[in-house]
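Welcome, and thanks for taking a look at this model with us. Please have the viewer open as you read the short tour below.

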Amino acid sequence: MNTKNDRKPRNYAGVMVSSTYKDLEKHRSILLDVLIKQQVHGIGMEHYVVDASDDVVSSSLKMVDDCSAYIALISHRYGFIPDNKEINPNQVSITRLEYEKAQKLNIPTLVFVMSDEHDVKKADVETNEENIRKLKEFSDDAKQGRIYVSFDSIDDFTKKAIHAVASLSQKIYAQKTTKSEVIITTKKSKASELIPKPPKLYAQPEYLGSHRFIGRQAQLDTLNDWANAADTHSILSFEAIGGSGKSILTWEWVKNMAATTRTDWAGIFWYSFYEKGGVMADFCAYALAYMTEQPLGNYQQLKAPALSKLLLAQLKEKPWLIVCDGLERILVSYHRMDAAQLRDEDAGNTDAMGDRDPCSCIRPFDDDLLRALSQVAPSKILITSRLVPRVLLNAANQPVPGVLKERLPGLKPNDAEQLFRSCGVIGDSNAMQIYLRQHCDCHPLVTGVLAGLISFYMPDRGNFDKWSKDPNEGGQLNLAKLDLVKKRNHIIQSAIDDLDSKSQQLLSILALLSEAVDSSTLNALNPHLPDGTKAEEAQQNAEAMQKLQQTVKKLEAYGLLQYDQYNQRYDLHPVVRGVSVGMLALGQKQKYGQKVVDHFSDKAHIPYKEAKTKDDLVVGLNLMRTLLQMENYDQAYDVFQDDLAGVLRDNLGDDTEVLNLLQPFFNKGWNNMPISSLQKNKRSSLRNDTANSLNNIANYKDSYSLLKKVLQSQIEDNNYLSVSIALNNISISFSMQKKLAKAVIYNNLAIEIVVDLDNKSWLYWYRTIRYLYLVSMGSWTESEQLFKEQMNSYRVGYNIRPGRIEFYNARHHYYRHTLTEEHLKKVELIAGQHNQYAVKNDITNLRGDWYYQKKQYQKAMDCFNEVIRRKNEVGSNANYEEIKLSLAKHQLNELVSPHEEAQRLSKTSDNYLGLARLWVAIGDNKKAGKYALAAYKQAWSDGEPYVFRYSLNQATAILKKLQVAIPQLAPYDKCKKKIESWEQEVFVALEKLKAVKKEEK
């Protein structure tokens, strides 16, 4: 696909579809439909009105000139050759002329080429020898230097068109501008050349305010004092509940005062974390592109540790002013399915996913970066957040050195009155101030909402005195005894109650979504449209459009809806979104949510299996989140199982997002049954999925509890195959908890069952796990024999975790010091072909270990950095890799404060062998001995032969080197191992089940 574009993009998203016609009529129809669903306009000769003064060729080339992108479909026919020596001196086809015109204009180009496998009619195959030559020349030229799409059937074309056009539409909207040349972009696609040069303010995106800024002189003074170079605090954090005016305060100061308060800023960068939650790595990339005036793409490809290092270097070199707005969105408390609707009263109390600190960052890398940002003089970091990140506070909840924390109060009464009056409200000054202080503590958002209520007070619009005394309006509010959060929520509820039904409906529909919407989505969700109206018909309904505009204006006047002119998107303040959803009865959620579901169900999207990022899953995620809020659990389950779960877990490695989506099914906690309205087999499947993801984030307690219940349930149902799956999952859970004996026992039981069932597919997978255990135990002869058998066996089950056994074999060779580049490349190839996140991580990790073993420390660092980056992106724990990275850095003399770093890692990791090696490298033999002993006992597991052989040998070598006595531990004794009562029941039940199955045979 050609992405270079030197000309000014068109003001509409028009895509020229160029091809021969009759032989590709069906393909063109499919493509034009896909384009519509991607909200771009397909244009071709069938849509174009030829000007009387133009010939066909001129008209055709005008279409190319008018489009924002170009698509060529090349079949087995060359097509019409215009007889015009001036325009077509080389006598090429009109399709080729259009293609060449597009290339001269540097328009984004997408090429589809029909393969030789495609069914074609005889009449649709070129027979003229000269034209055959020209067709081949055209096809070769069109494919040169770009990724093209080959298709071999109508169905194949449809699938590939959806994926390719989705990518093309992103490039179109990345260039699109309004008539006034205001840049229309999204955070993902914004081109680096659109970033202003420092020191000019760069906002990503610009702040969207619901009212004018008033007052806050004390806080402005604080900002001015803090910005001074003499102030020693690198970070200033404003903390307050939602709607208190944190963002508008900092935006006012940044935009209108910061540059005059201090004239030596190298530049000023504003970044909002409200956009899709945001991640610190994304923030780093945009900040660096601005600071260095380099293309954004240069940084988007870098790993998180590299981004952090580069950003910190920039911040310490020159005085930059950086603003992180809405930083709470990177914290654990907001790592949940309904983060966009989360109320203040629910934030910061518990972790919906497990036992993490709600105020810690979702991604460990973000904690590290925040800690480093507290010491970046001469630069300044301004933070707004509902919650203060834990890493910025000490054990006494006081700010750490370098951090200044301010709690943002409400407005002063006279400032709140000014805000009231700026919205057109009139009345007695003293009465206004008393009312605002008593009923909402002069909370800015609520003050604006109250002003909207009074502005629409029918008896006397804008008259505060009459409204406040009316027993049916302001006179009925009695909020003095409520805390501020409850006051705020109550007033917003009153404003929503005051709306007409259609306005309430639109607000509710938008609240059910997790992010801002563009005008086309707003039109599709228009409550004034007749039921059953399709998205493409919405634009044509003039009456409904006019009513929608009136509704939008009313919601804006009430302070409930905001319009982002910069990105041309409509959004709700997070507080309004939370209150609005909280007001909805279940029936309303289902009614309004269905419009959202219908809209996203109709949207074209790439197949989930081809997803490379979470953005590629936006349709499925929006569908499932809405269905869960509607409590339509059956349909939500179906969306989840439609490849969404597998892609999130296997392709993206995002188990925390899986658990976010699954948590609503477990409304009484992980240890309880999923909601009873689901069919039993679906509940069992959900528990299995949940247990596996809990295992992957090291929540073994809840995972183990769930797997026990799954197993017992499957035994009760006499579901023999499902029993084997549960047994093998329990086996894996035991192995992750370093309980190797039980892992082997339960794996053997699973194998016995599928042997009885003659199920070769599952047998292949269970024996692969068996191979892992043999490798771990150092049973080399038995493991080598099993590997040979597996590689020569029935391979249907290969699609269960592709590349796993090859990776275990590579680890086998690493343990025996026989690992080669060929072993590694084989696994990397399979993992890449099947997009297996976990295998990619594991093999990159192993490559790093191999490089370290060969003393190629820089290469080892690169590998560990890559794994840490991937894990940080999905919030996974990367403690093991961080220790290995520190070891490699130390070998290259790049580890700053080695003793402090080792101390920090020692507090958070159970990678005792890695810690022992790190302390040895640093030279602290006492601590090295302590962790080497812990590593030995950990590797001993259940005792010989159930030990982790390689780790045990490594720990033994360190202890000998340190001259520390080797512990004398007992070997495995089956008689001394405690068998829990539930396990005994399982063993008995399995024997009965096996007997029944034998009788059936």
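Predicted model: local features only at pLDDT ≥ 70, side-chain atom pairs only at ≥ 80, totals over all residues.

Asparagine 845 counts as buried because its relative accessibility is 10%, a value under the 20% cut-off. Apart from neighbours within four places in sequence, asparagine 845 is in contact with Phe864, Val867, Glu881 and Lys884.

Asparagine 835 sits in the loop between helix 34 (821-834) and helix 35, and asparagine 835 has a positive phi of about 50° although it is not a glycine. Asparagine 835 is buried, with a relative accessible area of 10%. Glutamate 293 also has a positive phi, of about 60°, without being a glycine. Its place is the loop between helix 9 (280-292) and helix 10 (296-300), where glutamate 293 is partly exposed at 46% relative accessible area.

|---|---|---|
| alanine 377 to proline 378, cis | near 15° | between helix 12 and strand 10 (380-385) |
| glutamate 944 to proline 945, cis | near 5° | between helix 40 (925-940) and helix 41 (949-961) |

Now to the nonpolar interior. In soluble globular proteins, nonpolar side chains tend to be buried together. Here the largest nonpolar core has 174 residues, of which Leu450, Leu560 and Phe665 touch the most other members. Another core lies apart from it, with 44 residues, among them Leu73, Phe138, Ile162 and Ala164. Back in the largest core, leucine 560 touches residues including Val449, Ile492, Ile496 and Val576, not counting residues up to four places away in sequence.

Cysteine 284 counts as buried at 0% relative accessibility, and cysteine 324 counts as buried at 1%.

A last stop is glutamate 328, in the loop between strand 9 (320-325) and helix 12 (364-373). Is glutamate 328 buried or exposed? With 0% relative accessibility, glutamate 328 counts as buried. Glutamate 239 is 89 residues away from glutamate 328 in sequence, and their C-alpha atoms are 9.7 Å apart in space.

Notes
Residues numbered from 1 in each chain as written. Heavy atoms only, no water. Helix = DSSP H or I, 4+ residues; strand = E, 2+ residues; numbered from the N terminus. Buried < 20%, exposed > 50% of the residue type's maximum accessible area, 1.4 Å probe, protein only. Core = buried A, V, L, I, M, F, W, Y, C linked by side-chain atoms within 4.5 Å. Contact = heavy atoms within 4.5 Å.
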